Structure formats: structure tokens, C-alpha cells
Amino acid sequence: MMMMMTTCSSGCKPLFMESLFHQRITTKDKVVVVMGATGTGKSKLAIDIATHFKPAEIVNSDKIQVFKGLNITTNKVTEEESRGVPHHLLGFIDPNAQDITAAQFSQEATRAVDSIVQRDALPIIAGGSNSFIDQLVNHHDQFRSRYKCCFLWVDVSLPVLHSSLEERVDRMIECGQVNEVREFFDPSGAYSRGIRRAIGVPEFHEFLRAESMGADEETKKRLLEDAIATIKVNNCNLANRQLHKIQRLYGMWKRSMHRLDATEAFLNKEEGVWEDHVVSKARRIVQRFLYD
Ligand code: ATP
């Protein structure tokens, strides 16, 4: 089944693919971890790596994306973006359920990684919840005793990231975020657990409350603008906090953690720039990790 994926269009199996496949058999203890603040392109890089080092599968490590629903608001990869790469722990929990703990995540992620290596595929963990990755790698014995990790950190200079995050919020609004969030409006204002904690949900509370009470257009417009502005600030603050946590982990994992500066690719959106500045470097690092 997996061999099928290494077959070229003419039906023959190229030799180098065959040797990669045989090498993969010997690398059942290796996991790639893609880290980065929100909006830096972690999910895209994880898919870029997965489509190169086939077969590979991705395990989500974002504590909000584990919940079903709010696909626009939580920025889950779409079917099209996933390019056929299987994703695990993505949208698998009821949106009203309790938050998943770092210990529960570690158990689920270890189970997913075990199943991926059993299929002779490369596991790639990707997501922004750094406490989950920390717990899995440093404190979860079942994972720690079995797997070696290569950490890729996608970094973007903060001013550039902030303006990109603000643009992303505008795109989410254009894509129908308000309609999506309306379904999660809670008149009692309880936004402290489950998917309602996502940035982009509590911020709309005042607007949705005014709307539900039949407020006039001017009031609604003002509250909507306030909500959007707050979402932008909260996303930038999340990115700042995540960056600090990653820098702390970088101090700990320096030898196995590789910083990829994606700033240029954010300033120049041509696909070739992302490829040159981020993907090709990441591929070389993963190649060395897997086969040297
Ligand atoms: P960590 O797990 O790294 O210690 P943390 O507990 O602050 O940090 P994060 O994963 O950084 O967890 O998320 C913090 C908050 O950011 C979440 O509670 C949520 O409000 C928001 N958030 C995180 N990921 C998303 C997402 N994909 N979509 C919307 N909001 C998110």
C-alpha cells in the first residue's frame, strides 16, 4: 500500500525511492516536530515536509484545534491544503467538552505516533501549544523512551508577523467568521472552556448580544469593529507569548532544534521564496536527521 506512493507516473519504481523506503524501515524511532507562533506557517511547512518524505502523517498539537467546529476561527487546515496528508488529533473532540490536558494530549499523541510508525510512515507533530509539546517530549515516559525528535522552529520577525496576523483576521471575517461564531454565542458569557476559549469567540460577545437584543445598525457596526480590533490585538499577544515559550525551549533543546527564519517569505509572497528560505532548509535538516 505505502509502496504505491513511491511509484512514478510511468509505473516503474525509481531506485532512489526504493532506497528511501528501505531507509525508513530503520527510522521507526524518529519524529519531526514543527513549532512556531500562531500564523508563522507551521501547518503549511508540516505538509510540505510530509509530501516530500512520503509516507508521512501529521499529529496536531494545538489545544484549540483538537475541538470539532469553528474551522475558520481556529484556522484548521482545509481538505485542499492538507494535500492528502493524513492529520491526527484535529477536530476530534466535542466543542462543548472539557479542555484536554497536557497529560491527555501526550497519551493521545503517543498513540497516534505509534500507529504512524507501525504504518512505516514518518510522524510529524505540528501546532502552537508548546506546553503540550514540552509535556510530551520532556515528561511523557512512553514517548521519551521511544522517540528521538528533530524540532523545526518557524520564526518570523514580530512586526512582520503582527501585520500578517492582522491581515489574517480580516480574511477570516471575509470568509464568514461572524456566522461561524454566532452558533457559539452564549448569552451567559461563559467562554472559559472548550472551543469557546478560541481567540475570535469571546471577542464577539458584545456584538452578538447587541444583535440578539435588536440593537440599531450603528451600534452593531461599532461593536463589530471593536471586536475585530480586539481579535487582532489578542492574536498578536498570543504570538508574543508563544514566541517566549519557544525561545525558552530553544535554550533547552538547542542541539536538536533548528530555527528557520521565514520573515523574507512573509515580505515576498511568491511561492519560490517560501521554498528557498524555509522548505528547502527544512528538508535538508530532516534528511540529515532521518538518514545520517
Ligand atoms: P502553552 O500550552 O503553550 O503553555 P497556553 O496554555 O497559553 O500555552 P496556547 O496553545 O498558546 O496555550 O493557547 C492559548 C490560548 O490561545 C487559547 O486558550 C486560545 O484562547 C488561544 N488559541 C490557541 N490556539 C488557537 C487557535 N488555533 N485558534 C484560536 N485561538 C487559539
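I started at I49, which lies in helix α2 (residues 42-52). Helices here are DSSP runs of H or I with at least four residues, strands are runs of E with at least two, and both are numbered from the N terminus. The model is predicted: local features need pLDDT of at least 70, side-chain atom pairs count only at pLDDT 80 or more, and totals for chains, interfaces and linings use all residues. Residues are numbered from 1 along each chain as its sequence is written.

**Entry on I49.** Is I49 buried or exposed? I49 has 23 C-beta neighbours inside 10 Å, so it counts as buried. The term buried requires 20 or more other C-beta atoms within 10 Å of the residue's own; 12 or fewer means exposed, anything in between partly exposed, and the C-beta atoms are placed from the backbone. I then listed what I49 touches: V32, A56, I124, A282, R283 and V286, leaving out residues up to four places away in sequence. Contact means that the C-beta atoms, placed from the backbone, lie within 7 Å. I also looked up E217, 168 residues from I49 along the chain, and found their C-alpha atoms separated by 47 Å.

**Entry on V32 and the core.** V32 touches I49, L122, I124, C150, L152 and V286, again without residues up to four places away in sequence. V32, V34, I124 and L152 have the most contacts inside the largest nonpolar core, which has 74 residues. Such a core is a set of buried Ala, Val, Leu, Ile, Met, Phe, Trp, Tyr and Cys residues joined through C-beta atoms within 7 Å. Helix α9 (residues 217-253) gives the largest share of this core, nine residues. Domain 1 (26-158 + 253-291) and domain 2 (162-233) both contribute residues, so the core lies between them. In soluble globular proteins, nonpolar side chains tend to be buried together.

**Entry on the sheet.** I traced an open sheet of six strands in the order β3-β2-β4-β1-β5-β6, with parallel pairing. Strands pair if DSSP finds at least two bridges between them. The edges are β3 (87-88) and β6 (257-261); each has a single partner strand, so one side of each lacks a neighbour in the sheet.

**Entry on β4.** Five bridges join β2 (residues 56-60) to β4 (residues 122-126), and three join β1 (residues 30-36) to β4. I125 in β4 is the bridge partner of V33 and also of V59, while N60 stands opposite A126. Which residues of β4 point which way? L122, I124 and A126 point one way, P123 and I125 the other, and all are buried. With five of its five residues buried, β4 is largely enclosed by the rest of the structure.

**Entry on the domains.** The domain bounds come from an automatic or database assignment. I found the C-alpha centres of domain 1 and domain 2 to be 28 Å apart. Their contact takes 15 residues from domain 1 and 18 residues from domain 2.

**Entry on the ligand.** Where does the shell around the ligand lie? Both domains give residues to this shell, so it lies between them. Of the 18 residues around the ligand, I64, S129, N130, S131 and A198 come nearest; a residue counts as near if its C-beta atom, placed from the backbone, lies within 6 Å. Elements giving two or more residues to the shell are α4 (130-139) and α9.

Technical notes
Contact = placed C-beta atoms within 7 Å.
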